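User: I am new to this structure and would like to understand the words used to describe it. Could you take me through some of them?

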Amino acid sequence: MDMNAYLSMFIDESQDHLQALNENLLKLEGDPTDLSFVQVIFRSAHTLKGMSATMGFEDMASLTHEMENVLDLVRNSKLSMDAFIFDVLFKGLDALENMVGDITNGGQGKADVSNIVASLKSIVDGSYLSRAETAAASAVAVPPANAAIDEFQLSVLKQSMDSGLKALRIDVSLVESCVLKAARAYMVFNLLEERGEVIKSIPSVTELEQEKFDRSFTVIFVTQQDGEELAEAISNISEVAVAQAELLDAATLEQLARPEPAAQPARSASTAAQSAVVSATESTKANPTARSEGGRQAAPPAASRTIRVDIERLDALMNLFSELLIDRVRLEQLSGEIGRVELTETVEHLSRISADLQNIVLKLRMVPVDSVFNRFPRMIRDIAKSLDKKVELVIAGADTELDRTVIDEIGDPLVHLLRNSLDHGLETTQGRLEAGKPETGTIWLRAYHSGNHVFIEVEEDGRGINTEKVRAKAVENGVLSQEEASKLTPDEINNLIFAPGFSTADQISDLSGRGVGLDVVRTKIFSLGGNVSVESKLGSGSKFSIQLPLTLSIITAMLVRLGSEKYAVPLTSVVETGILKREAILSVHGNRMMSYRNAVIPIVSLSKVLETSDFREEDEEESEYIVIRKGDKWAAVIVDDFIGQSEIVLKSMGAYLGSTPAVSGATILGDGQVALIIDPNALFK
Amino acid sequence: MGEEIKVIVFALGEEEYGIEVEKVKTVERMMPITRVPKTMPFVKGVVNLRGVVVPLIDLRGRFGLPEVEATEATRIIIVNSGELEVGFIVDQASDVTDINSDDIELPPEVVGGIQAKYLRGVAKTDGGRLLVMLNLSEVLNKAELVQLEQMEA
């Protein structure tokens, strides 16, 4: 049987199942007693196993098989979930995702998963708990014996030994009264790195930095120096009790690299031991009796009848439809000129049908933002773990739909904003308690429709932005002058963090990193025709709002004339149109202004901005104007004449021109002429 | 033995030029041009080429020759180079002819006021005419345009 025909189907379905596994595992982590999630997880894993075995991806099949074994025990209430099991299962999922990724790129989906498989096996035979305990216990007294190294590290070690360097295993113990354990460990590493190269440390460097070790740690080290000398140098660091260096030979290395299968899980268990043992007992308590299967089974998702369609076909459909739209406008124009009733009626009917068709075509390309949001819970969990913060991610409006082109582009900026919120927005657990806030921080991710736009908000209840520091920083970086800075409102100041000047490495302490890459986020959103802003209150959190157009390809626009030239202004930014008498133009500091609804707003001359040759508004007694707005800025744009409102199809002006000031693109009008689309945002100074 | 190349022959003033046929999409008569503000002076604007918006370059302006009013003979040659699709405005496009790649000789320093780097060489046709072959990627080179803009600014 030719498997290639099924490969793309296999990849699509595997990704769906992996996503489902991820989601449900996260839900289960939130409520480890709810066995209905386990049912769903088990089914997904089981299907995945069957599929990968059929397709001949052995590694994938064997990994899912082991995961299934664990899940089966959990399902039958023979095993209760704990942090260690969750971590191993998540690692398994990551490995599976990598395999599917490899298969997608034409690989064989091969990966070394023996570590994870061993961990899973130890869960099944229940040995991991006791091992975790003994390992944890032994870690207190003596350095862990199992200094296992992986193949890569082994090859590095072998190479260094070949080139005449010594491989050492150094066991370091700190004195019992040591307070700054992480700092002492850091000093040891500093000393070591001056004299050679650290290949591996047990526990890992990250864990050492976070003081997640008892009193001792082990380092595998390559150097030219004598072991005894080194050990003595380390002992001289204050609060180091014992330092022993042992010379490793090739045989010992081999042994380290290939420990007995059982030793492997014990090692990983030892690091996870402290947390695992505690939460294991917790969750056992919380789970007195297992619920019967029918008790609260998750309702199976309503089966919707769908087909998968190649995106290119949808794009082709969209392009063809755009052409049709241009002809429709042309027909409307012609029938108006000819003025025959039957023709007019037919054209009107055609217009109505094509309007319906347009709706459907646009809807076809709409995708729920969930397809982007669904990977965030997992991401937040992982980042929160690595930052050692407690975070809850609340997602709302995941069913809000957006054009596929926008969906494809919105992922990265959102990841950026979420990371930012988690890393810099939320305080540490300690900091939150001191500020009198609940220990667990909350990040809200919301999406909703409003008018012709979709809004996505990332909000967190963290420390908020220190407006005064931003102001000072902006002046210092030359983003704006002292004088300008003093005029701005706090909100305007906060939005300065999107300015490119803020993405420098030199950061203010409690604002650190806030601005890194935010200008990239803004540029991306702008390129999608959207906008991004921030609201923040010092001490109680910040909210980033992204405003996005529903679709990128067809927009409603106001057509205007400047002399012989026609331009289109997107209707979304038009507030009002009107006629202005010359004597109503005010002059303020040499700038032309007009009064508009109890306010005075600047007048922008479109003909000056666009350097038109055959229209001079100075010659006119009365001028037509369009009021446009961007956030809370308003302006009146003077034009020659209004033509009317029209659906226009956005076209690129081609790569050669690149971006032109004040022009966001082009469109083809009913008469076949090209009209340029004005970028209203560029008209504000 | 060099290979035969088919080229489109066009004129700017007295001089005749050639572009390989594979690089040319179509040759069009003059059509209504929409001006694009704030671009290089030789970019005349954009046109609607059967639903695709294509920028136009006045080749005379590009090479620093004096620009002239469009006439009945004026043509737009739509060329494709890499990802770029651009129209060249030329005085006239008269012919398609064959030349042998061996007959292309390196250009002299300046031909008809055009710098040598924009030229691939000078070819002699069977009829004894001299054709100046354009170096398209250099003519459409944007890096140089950026420098130009900076100099003007």
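Analyst: What follows takes a few of these words in turn, for what is a predicted model.

User: Why is His46(A) called partly exposed?

Analyst: The relative accessible area of His46(A) is 41%, and since partly exposed covers the values between under 20% for buried and over 50% for exposed, His46(A) is therefore placed in the middle class. This residue is found in helix H2 (residues 35-55) of chain A, and an unreviewed UniProt entry annotates His46(A) as "modified residue: Phosphohistidine".

User: How do you know that the buried residues of H10(A) line one face of the helix?

Analyst: In helix H10 (residues 227-235) of chain A, the buried residues are Gly227(A), Leu230(A), Ala231(A), Ala233(A) and Ile234(A). Seen down the axis of H10(A), these buried residues fall within an arc of 160°, so they line one face of the helix.

User: What covers the buried residues of H10(A)?

Analyst: The cover includes strand S1 (166-174), helix H8 (181-195), strand S3 (216-223) and strand S4 (240-248), which belong to chain A.

User: What makes strand S13 of chain B largely enclosed?

Analyst: Strand S13 (residues 130-134) of chain B has five residues, and four of the five are buried, so the strand is largely enclosed by the rest of the structure.

User: Which strands pair with S13(B), and in what sense?

Analyst: Strand S2 (residues 15-20) of chain B runs parallel to S13(B) and is joined to it by two bridges, and as pairing needs at least two bridges, S2(B) and S13(B) count as paired. Strand S12 (residues 119-124) of chain B pairs with S13(B) in the antiparallel sense, over five bridges. Val132(B) in S13(B) has Tyr17(B) opposite, and Val122(B) also stands opposite Val132(B). In the hairpin of S12(B) and S13(B), with five residues between the strands, Gly128(B) takes a positive phi near 85°.

User: Which residues have the most contacts inside the largest nonpolar core?

Analyst: The largest nonpolar core has 57 residues, and those with the most contacts inside it are Tyr656(A), Phe10(B), Leu59(B) and Phe88(B). Strand S7 (residues 84-90) of chain B gives the most to this core, with four residues. Another core lies apart from it and has 47 residues, among them Phe373(A), Ile380(A), Ala474(A) and Leu548(A).

Technical notes: Residues are numbered from 1 along each chain as its sequence is written. Chains are lettered from A and ligands numbered from 1 in the order in which they are written. This is a predicted model: local features need pLDDT of at least 70, side-chain atom pairs count only at pLDDT 80 or more; totals for chains, interfaces and linings use all residues. Side-chain values use heavy atoms; hydrogens and water are left out. UniProt positions are given in the numbering used here, feature names are shortened, and annotations may be inferred rather than shown by experiment. Buried means under 20% relative accessible area, exposed over 50%, partly exposed in between (1.4 Å probe, protein chains only). The arc is that of the directions from the helix axis to the C-beta atoms. Contact means heavy atoms within 4.5 Å. A nonpolar core is a set of buried Ala, Val, Leu, Ile, Met, Phe, Trp, Tyr and Cys residues joined through side-chain atoms within 4.5 Å.
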